[in-house]
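Welcome, and please take a look at the structure below. A short briefing follows, grouped by topic.

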Amino acid sequence: MTRILLLSALILGIFTQAQELKSPSEFLGFELGTAFSRHYEVVDYFEYLAQAAPDRVKIKVYGQTNERRPLILVYVSSPGNMAQLETLRQEHLKATTGEGAGEKAIVWLSYNVHGNESVSTEASMKTIYELLTSRSSLLENTLVIMDPCVNPDGRDRYSNWYNQYQNRPHQVDPNSKEHHEGWWNGRSNHYMFDLNRDWAWLTQVESQQRIEEYNNWLPHVHVDFHEQGVDNPYYFAPGAEPYHEVITDFQREFQSTLGRNHAKYFDAQGWLYFTKEVFDLFYPSYGDTYPMYNGAIGMTYEQGGSGRAGLGIVTRIGDTLTLKDRIDHHFTTGISTVEVSSQNAGRLNREFRKFHQKKDFRYKSYVLKGDRDKLDGIKSLLDKHRILYGDLGKGNYKGHDFKTGAQGSLSVEDNAMVVSTDQPKGTLVQVLFEPNAKLSDSLTYDITAWSLPYAHGLDALASASLIAPEGDRPPSPRSVIERGSYGFITDWNSLRDARFLAELIQNGIRARTADHPFSIGGRSFARGSLIITKGDNARKPDFIQILQRISDRYEKDIFSAGTGFVDTGKDFGSSSVRMIEVPKIAVLSGGPTSSLRFGEVWHFFEQQLHYPLTVIDDDYAGRVDLDPYTVLILPDGRYGEHFKGKELSKLKDWVAKGGKLIAMGGAIKALDGKDGFGIEAREMEEDLDQEEETVVPQSYEDLEREQIRGAITGAIFKTRVDNTHPLAYGYGPEYFSLKLGSDSYEYLDSGNAVYLVDDTIPYSGFAGSEAQKEIGKSLIYGVESHGRGQVIYMVDNPLFRGFWENGKLLFANALFMVD
Ligand SMILES: [Zn+2]
């Protein structure tokens, strides 16, 4: 009886709710597409739907942004599916081990990863409303998971800006201010990171929190909604070459199935679109490729518009593109995606299961060897991806040696681990670890190399046979700090060590570094090792407690020395056991700097090193007294006419008085040839055909392909290291550098810490033949002295997208070790 009553109440409930569900326009109080909604309004609307239709809509707050905005997921399906959501999820995940009887299609729609590509969040509201009303039959066998805004900080940055600068009514003339977002634009997140380059590296809080949920579901289909230039027609799948070779025939084919369905709707409306061009499927950190490598059909849909379009804009051909048009297009492909997925639910499930059974990987196991800090670093990344690994015991392993790029062997003591492709995430393991991903076409949208062993600075070997782990090794016991000791010594070879130092000096503990290797009490220490003496910290009564607390936090192994009298090397009181100064840091932003490159520096200090910095905008940089700062960072960018006249002499005077100038990428270009700076750029040969024997006129069609001979599209090179130089303390004799372009500079007269010799064939990724010649014998990282200060040149960017872990110590050395 009660049951029947409850049931009828439920049915009645559904009936009345469906009747009364408010559309986005009704709820927001303005017609969708006539204004940009703010994030809180969007969240309110989805919350409203979850309350009004609780049997079909569920919201999960999965995290928070840097600026404290909520990140939400919205689950939408039929009442039957929603009632057993957790069972449905578990059954689906069993498919990754070849089991389970899942039969529902799971479609994940991600909106607005680029904040100023602002239409998609608006489209998400229209899409869910239609799914709940006129298209609800699609939900019978399909679960739709929506992330209405992947990047709320960026999106609100854009919409707040637009609301402030908008003409009223809006002005469609492209020259009006409302179509010209400034430097601090809404595309990226709070730290100016591009979240659509971060799926694999997970450097940002948004990505870290989202990946947890993504792995809880591993959908069959994932769409990342974007916008491109105002004049471009709509883009949808299938994607462009190169495709990564792990992408299966079914994944290729199903993109076409989806594309054809979208085309049907676009044809009917007369809307223009293109497919199979520009947006390739190779670099693993995108919202289309990452899902692909996890078994989904991953796709990018691109509307014309983005931060330039506002509520309406006149295009090159004289049409007016409105926000309403843009909503309609994204809405149409969204619904069409759910439709095709629903029609093919059975096939999607079968193929998803098959994807995870793939076992024919070229390499079965990757052996990784290195310092414990580095192994811990990669383990924490693998945990986030739910990639399994194990510790490895003593042994000698054979296979492709990452260091030589050839067959070789690696012998291991107790400092190694193994990651195998024989696991549900096998495809992702191959993509992230293989030494050199096969490239079907060198014209790509992004970098062509990222292999994790290189990025993390680990010795590595790829083996064609399966290597079993030994099981988890208990952590080796750390030495306890002995109170009465004369001094305390610890190693210096990882970002974790730099964090440790950063926290020590911010707590008023004074530390020194050794410019020569030394041994004491039977232990040997390399250059750069930290020495913290009782004498230097005599005025700090709680010195030992602070040292103990910070050492514990960073799991540092501290050697307690009873004397400052070393067995070999220099005693602690030697002038070459230098006091580390407490740097006061400033970084230039705005104007000439690239917002993404600036963001990498900003994020490095605040979220990785945990050390304060002052952000100086180019607008008023000329009026700032630089004397209080000991370090000034010039991020990569287009500096053009900067560093002339007064500006240049101010900079030079500040360096001469003891300042440390760190010039990165384009900032180096701007200093090239300036009086007092020794850096000298190489000019790329004008005519690439010069050395060809037969000169044939270049066809217009081949021009783009020809130009790529002079290009490096993000490739990994083996460089030499002078690790007696403070900029390279903690490194071995070689360093694998990610080169992002073919700009190259001559060696400095002295202070070449990291440099290329003649070995300029990339170990991973693509470099054109001319570019390879150009970078021979060139500088990568170097230091030049001026008066009491230094200029540090960083030709390659060790902070690029925050994922090149092994480069971060170089940056820390620039701050703490170079003097
Ligand atoms: Zn985008």
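Helix H14 (residues 426-433) lies across E13 and E17, running at about 50 degrees to E13. Helices (H or I, at least four residues) and strands (E, at least two) are DSSP runs, numbered from the N terminus; axes are lines fitted to C-alpha atoms, for helices over the stretch in contact, and angles run from 0 to 180 degrees between N-to-C directions. This is a predicted model, where local features need pLDDT of at least 70 and side-chain atom pairs count only at pLDDT 80 or more, while totals for chains, interfaces and linings use all residues. Residues are numbered from 1 along each chain as its sequence is written, and side-chain values use heavy atoms, leaving out hydrogens and water.

**The sheet**
- Six strands form an open sheet with antiparallel pairing, in the order E14-E17-E13-E18-E15-E16 (two strands pair if DSSP finds at least two bridges between them).
- Strand E14 (390-392) and strand E16 (406-412) stand at the edges with a single partner strand each, so one side of each has no neighbour in the sheet.
- E14 and strand E17 (residues 416-420) pair over three bridges, and Gly 390 has Val 418 in E17 as its bridge partner.

**The zinc site**
- His 114 (ND1), Glu 117 (OE), Glu 117 (OE) and His 226 (ND1) coordinate the zinc ion at 2.0 to 2.4 Å; donors are N, O and S atoms within 2.8 Å of the metal (3.2 Å for Na, K and Ca), and water is not among the atoms, so sites may look incomplete.
- Along the chain, the donors follow the spacing H-x2-E-x108-H.
- His 114 and His 226 are 112 residues apart, and the pair links distant parts of the chain.

Conventions:
Contact means heavy atoms within 4.5 Å.
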